[in-house]
Amino acid sequence: MSKVASTQVQKPTRNKGEFIKYFKQHKWLYVMLLPGALYFIIFRYIPMGGIVIAFQQYSPFTGIMGSKWVGLTHFRNFFIGTDFWMLLKNTLGISILSLIFYFPAPIILSLLLNEIKNQRYKKVVQTFIYIPHFISWVIVASLTYTLFNINDGIINQVIEATVGHTINFLGLPQYFRGLIVGQSIWKETGYGTIIFLAALSGVDTQLYEAAKVDGAGRWRLMWHITLPAIKGTIIIMLILRVGSILNTGYEQIFLMRNSLNISTAEVFDTYIYQKGITNAQYSYSTASGLFKSVVGMVMVLGANWMAKKSGESGIY
């Protein structure tokens, strides 16, 4: 009995000793981890304490401790208000289109880049397709206006010469979602290939050689070897994408919306900014933002659970 007790007492000590030994061996990795950990602690976790004002009638003059507690009043007003369903429809409309058209774009481009055998040409192509990522949304919005404005936009000039009239792409609500998704594809597709190309670099070349001996062509190699090799990466990225289904990007939407397309352009991100910063409704906007965050968390957990049920590893 005493031997068993002593074994149970010594086990944590041994584990602690192993951890200290492991920490000493990889101490520089932990040092490199420190800036990222501090960033998330300072700018992500500590500000979460302010979520409490979603349940208060917060006033900057009385502060968090002195503000009146109102419970779920702001959530109730948000859900029964006329804006909620409009925001949900607009946000999901853009997110679903992005999921259908934007999400597969880096995967397809990665597969095409992987087929380029000339490494010098491949690097040149990669450099050019990475550049749009480093252009600010302000410049992207300006380029979009230059191309699509109804007065002297190049696209409208071509359309007018072809069909005899112009199309107000920037003002009509039905074109807003297409413009937003098109901007995202142009700006982020190239940079999004980095993760998938890194996954492709780990594919065993002997698999390709064996398949070629069996008579497999380029398309069969891609379908039966390349895609299955990066399937895990695709699923992880899809889970993260599904988790941000209510995040459409504040800056991009804000720059592209105007009084003519506001019925389609108003999404959760711009609505929270308008209510919280412009109208100083801090508690109400915090409640709206908290709803968006909870939905994102539920979507991540649900997508990860489905991935696990399907036999994939998921993100945890």
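Biologist: At what angle do the axes of helix α6 (residues 104-114) and helix α7 (residues 119-130) cross, and within what distance do they come?
Modeller: In this predicted model, the two axes cross at roughly 160 degrees and come within 10 Å.

Biologist: Why is α6 called roughly antiparallel to α7?
Modeller: Angles over 145 degrees count as roughly antiparallel. The crossing is at roughly 160 degrees, so α6 is roughly antiparallel to α7.

Biologist: Which residues meet there?
Modeller: From α6, Leu109, Leu113 and Asn114; from α7, Lys122, Val125, Gln126 and Ile129. By class, the residues of this contact are four nonpolar, two polar and one charged.

Biologist: Which residues of α7 and α10 meet?
Modeller: Gln126, Ile129 and Tyr130 of α7 meet Gly190, Tyr191, Thr193, Ile194 and Leu197 of α10. This contact has five nonpolar residues, three polar and no charged.

Biologist: What is the span of helix α10 (residues 176-200), and what is expected?
Modeller: Its 25 residues reach 35 Å from the first C-alpha to the last, close to the 36 Å expected at 1.5 Å a residue.

Biologist: Where does α10 bend?
Modeller: The bend is at Glu188 and amounts to about 50 degrees.

Biologist: How do you know that helix α16 (residues 268-278) is roughly antiparallel to helix α17 (residues 282-309)?
Modeller: They pack at about 160 degrees, with their axes 8 Å apart. The class needs an angle over 145 degrees, so α16 is roughly antiparallel to α17. Their crossing is left-handed.

Biologist: Which residues make the contact of α16 and α17?
Modeller: On α16 these are Phe268, Asp269, Tyr271, Ile272, Lys275 and Gly276. On α17 they are Tyr282, Tyr284, Ser285, Ser288, Gly289, Phe291 and Lys292. The contact divides into six nonpolar, four polar and three charged residues.

Technical notes
Residues numbered from 1 in each chain as written. Predicted model: local features only at pLDDT ≥ 70, side-chain atom pairs only at ≥ 80, totals over all residues. Heavy atoms only, no water. Axes fitted to C-alpha atoms, helices over the stretch in contact; angles between N-to-C directions. Helix = DSSP H or I, 4+ residues; strand = E, 2+ residues; numbered from the N terminus. Parallel < 35°, antiparallel > 145°, perpendicular 65-115°, else oblique. Left-handed = near helix turned anticlockwise from the far one by under 90°. Contact = heavy atoms within 4.5 Å. Nonpolar A, V, L, I, M, F, W, Y, C, P; charged D, E, K, R; others polar. Expected span 1.5 Å × (residues − 1). Bend = angle between axes of the 7 residues up to and from the residue.
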